[in-house]
Amino acid sequence: MGSTVFVVDSSPAVHRILEQLSTPDGHSVIGFHDGPSALEAARSQSPALIIADYHLEHITFSGFCKEIGRHDNLAETLIVSMVDAADRLDENKLRSLGVRAFLKKPFQREQLLDTINTMLTGAAGRPGPKPAKARTWPPLSTGTDDGEKGSP
C-alpha cells in the first residue's frame with residue numbers, strides 16, 4: 001500500500017507538475033499552496049513525507065518544521081526542503097529540525113518522483129543500524145528564525 005505525500009509550494013509551475021504526476025506503488029501526492037493548510041491536513045492525515053518549499057506562504061520554514069515536530073503522529077514524517085540555488089541555508093540547523101534532504105528548484109517531474117521514491121524506500125525498504133527517524137523535541141539548535149528568508 002502506498003504512502004501519503006504532501007507537496008507544499010505556492011508556485012503554479014509546481015502545481016502543474018503535481019497535476020500531471022502519476023506515482024507508482026499507490027502513493028497519494030497532495031499539493032498545498034501554503035504551510036498552515038498543509039499543517040492542518042497533516043494533523044489528521046499523518047503523511048509519510050512532506051516536501052515543502054523553503055519559502056513558505058504564511059509561516060517560516062523553521063516554524064513549519066517545528067510545528068511538525070510538536071505532534072506525536074508526525075514524529076516519523078520525513079521532511080524534504082525545496083530550495084533555490086541562491087538560498088543561503090544553514091543545513092545543520094535545518095537537519096536539526098527534521099529535514100532529511102534538499103530538492104533543488106527548478107526540478108522536473110522525474111526528479112520529484114525520484115525524491116519521493118528514494119525517501120519512502122529508504123525509510124521503509126532497507127533495514128539499517130539506525131531507525132528511520134529519530135527527532136528530538138525541542139530541537140537541539142537554539143537559533144532563531146530572524147535570519148530566515150520567508151514570507152510573513
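Author: Let us begin with one term: a polar contact is a pair of N or O atoms within 3.5 Å. Please keep in mind that the model is predicted.

Reader: Where does that term come in, and which residue caps the N-terminal end of helix 1?

Author: The capping residue is S11, with a side-chain oxygen 3.2 Å from the backbone nitrogen of A13.

Reader: Which residues of helix 1 are buried?

Author: In helix 1, which spans residues 12-19, the buried residues are V14, H15, I17 and L18. They lie on the same side of the helix, because the arc they cover around the axis is only 155°. P12 and E19, on the other side of helix 1, are exposed.

Reader: Let us step back. What is the order of elements along the protein chain?

Author: Starting at the N terminus, the order is β-α-β-α-β-α-β-α-β-α. The protein chain has five helices and five strands.

Reader: Now to the charges. How many salt bridges are found in the whole structure?

Author: The search finds six. One of them joins K105 and D53, whose closest N and O atoms are 3.6 Å apart. Since K105 belongs to strand 5 and D53 to strand 3, the pair ties together parts that are 52 residues apart in sequence.

Reader: Is D53 buried or exposed?

Author: D53 counts as buried because its relative accessibility is 6%, and the cut-off for buried is under 20%. Leaving aside neighbours within four places in sequence, D53 is in contact with V8, D9, F61, M82 and K105.

Reader: Which salt bridge does E91 form?

Author: E91 pairs with R95, and the closest N and O atoms are 3.8 Å apart. The two residues are four apart in helix 4, so about one helical turn separates them. E91 is partly exposed at 38% relative accessible area, and R95 is partly exposed at 41%. Elsewhere, salt bridges that share partners join D9, D53 and K105 into one network.

Reader: What about E67?

Author: The side chain of E67 meets that of R70 in a salt bridge, at 2.6 Å from N to O. R70 counts as partly exposed, because its relative accessibility is 45%.

Reader: Turning to the backbone, which peptide bond is cis?

Author: The bond from K105 to P106 is cis, with omega near -5°. P106 is in the loop between strand 5 and helix 5. For context, most peptide bonds are trans, and most residues other than glycine have a negative phi.

Reader: And what is phi at S46 and at H58?

Author: S46 is not a glycine, yet its phi is positive, at about 45°. H58 also has a positive phi, near 70°.

Reader: Where do S46 and H58 lie?

Author: S46 is in the loop between helix 2 and strand 3, whereas H58 is in the loop between strand 3 and helix 3. S46 is partly exposed, with a relative accessible area of 33%. H58 counts as exposed, at 51% relative accessibility.

Definitions and conventions. Residues are numbered from 1 along each chain as its sequence is written. This is a predicted model: local features need pLDDT of at least 70, side-chain atom pairs count only at pLDDT 80 or more; totals for chains, interfaces and linings use all residues. Side-chain values use heavy atoms; hydrogens and water are left out. Contact means heavy atoms within 4.5 Å. Buried means under 20% relative accessible area, exposed over 50%, partly exposed in between (1.4 Å probe, protein chains only). The arc is that of the directions from the helix axis to the C-beta atoms. A polar contact is a pair of N or O atoms within 3.5 Å; within protein, one must be able to donate a hydrogen and the other to accept it, and residues adjacent in sequence count only if both atoms are side-chain atoms. A salt bridge is a side-chain nitrogen of Lys or Arg within 4 Å of a carboxyl oxygen of Asp or Glu.
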